[in-house]
Amino acid sequence: MATTHASGVPATLAAHLPTGLLIGGHWQHASGGATFPVRDPATGHELFDVADATPDDGLAALTAAHEAFPAWRATAPRVRAELLRAVYERVMARIDDFAALITAEGGKPLAESRAEVAYGADYVRWYSEQAVRINGLARTAPSGANRQVVLQRGVGPALLITPWNFPLAMATRKIAPALAAGCTVVVKPAGLTPLTTALFAEVVRSELADRGLPTGVVNVVPTSSSSRLSGPMLADPRLRKLSFTGSTEVGRVLLREAAQGVLRTSMELGGNAPFLVFEDADVPAAVEGAVAAKMRNAGQTCVAANRFLVHESVAAEFSAGLADAFDRLVVGPGSAPGVTVGPLIEEAAVERVAEVVAEAVDGGARVATGGDRPDRRALPGHFFNPTVLTDVDPESRAVREEVFGPVAPVVTFGSEDEALDLANSTEFGLVAYAYTRDVSRVFRVAERIESGMLGVNRGMVSDASAPFGGVKSSGLGREGGEAGIEEYLESVYVAL
Ligand code: SIN
């Protein structure tokens, strides 16, 4: 008897995967009866059919969230906290199921998928602890004119639109603080990877049901066409909050639509992260950090280092070290043993990355390693080889645009001022990385860098307890940490 489905997902899980819409605590077909395919990026093969929500389904999900809201807001914070803690335990107990599903629909190497499960579950644990720390305020006004009580309460039903690259962690980073704050949610997962989010929602649904809590608190509406679904919900006055992770282009459209209802919004948008290596850096450590900052999910993260800005005195050593490290990576299907770099999400992504590399090379860049896709007879899916480009024109697309693939363009600089000018010469400002041994320089960089996050001598900043988010066109608001729950709370000031 087969123990795995063609996707690599355990057969028992594949047979019971929630592939429908979750509305008001019930899994159901889309009202139009339509479905869309979810494909394996390592082969391009169709894996599962998922219900394709219509705009009416979106509104039905909003109705369910709206109806569940009064009871959920009135549920004691301790009860909300205990629910989230139980969900955390259940997700971690099923780490293998979640990891197999993330790899099947998103392509990540299994070890990375397991890391995502732990990272994603950590948001649930963190907000289980924060649910009981939503404190109001009571004081005598400094002027003596009155006594003041400030209540904190959940803003109301929230629409959460999540990206395909972290189908568990980006969902939990929004769902967990929303639930902790007393909000109910409609989740619109990415059409490319909806199943991990659906499985998580099923864990929450069954835990709510087991505890006799309102099951309409979490609703999920996968769709192949986001805009047709979100438009009517954003125009509906029952919706009070929008949280979106995705491109700046789509974020701008959503912000315009959300303006109509003057919605609270959190936007985690595009990045173009500079990775600065100063002349006093520990270069081998910088190479190691660069691999981490660039190659997580084959470069498909908003926090991926996009531009390697390296002092001219260490550029040759850094570039050679990075090319060597990239040569040691193993490209292949995420479920295969020993693979460290999986496929890109779809063929269009491979074509775009190939185009960006070709344009850089036409502009004078040198390929230190990679530069093309692996032999398609061996790897027929959406793969691209880890690539290091040197002598790159700072005006090329490889440097100006978020590449979202395994390409590391190296640009040199001569002084700290020049490095910071280059780093800040973009509309984006999500994260930056800096390698230096000079503590004064660390503070100078932190004070001048135009980004919401800075990794110092490390290639990873993500942490459930930290405020994740950007400045400039990289977004509004913060997710994670104490700040993350504020995004779902409003205050009511009472004067006595
Ligand atoms: C992202 O790519 O948007 C999120 C990455 C992370 O949370 O580390």
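**Exercise 1. Describe the contact between the side chains of Arg 94 and Asp 97.**

Solution. The side chains of Arg 94 and Asp 97 form a salt bridge, with N to O at 3.1 Å. A salt bridge here is a side-chain nitrogen of Lys or Arg within 4 Å of a carboxyl oxygen of Asp or Glu. By this rule the count comes to 31 salt bridges. The model is predicted: local features need pLDDT of at least 70, side-chain atom pairs count only at pLDDT 80 or more, and totals for chains, interfaces and linings use all residues. Residues are numbered from 1 along each chain as its sequence is written, and side-chain values use heavy atoms, with hydrogens and water left out.

**Exercise 2. Which class of accessibility does Arg 94 fall in, and which does Asp 97?**

Solution. Buried means under 20% relative accessible area, exposed over 50%, and partly exposed in between (1.4 Å probe, protein chains only). Arg 94 has 30% relative accessibility and therefore counts as partly exposed. Asp 97 has 17%, so Asp 97 counts as buried.

**Exercise 3. Treat the salt bridge of Arg 238 and Asp 236 likewise.**

Solution. The N to O value is 2.9 Å. Arg 238, at 24% relative accessible area, is partly exposed. Asp 236, at 14%, is buried.

**Exercise 4. Where do Glu 202 and Arg 205 lie?**

Solution. Both belong to helix α7 (residues 194-210) and are 3 residues apart, about one turn of the helix. Helices are DSSP runs (H or I, at least four residues), numbered from the N terminus. Glu 202 and Arg 205 form a salt bridge, their closest N and O atoms 2.8 Å apart. Arg 205 is buried at 18% relative accessibility.

How values were computed. Helices (H or I, at least four residues) and strands (E, at least two) are DSSP runs, numbered from the N terminus.
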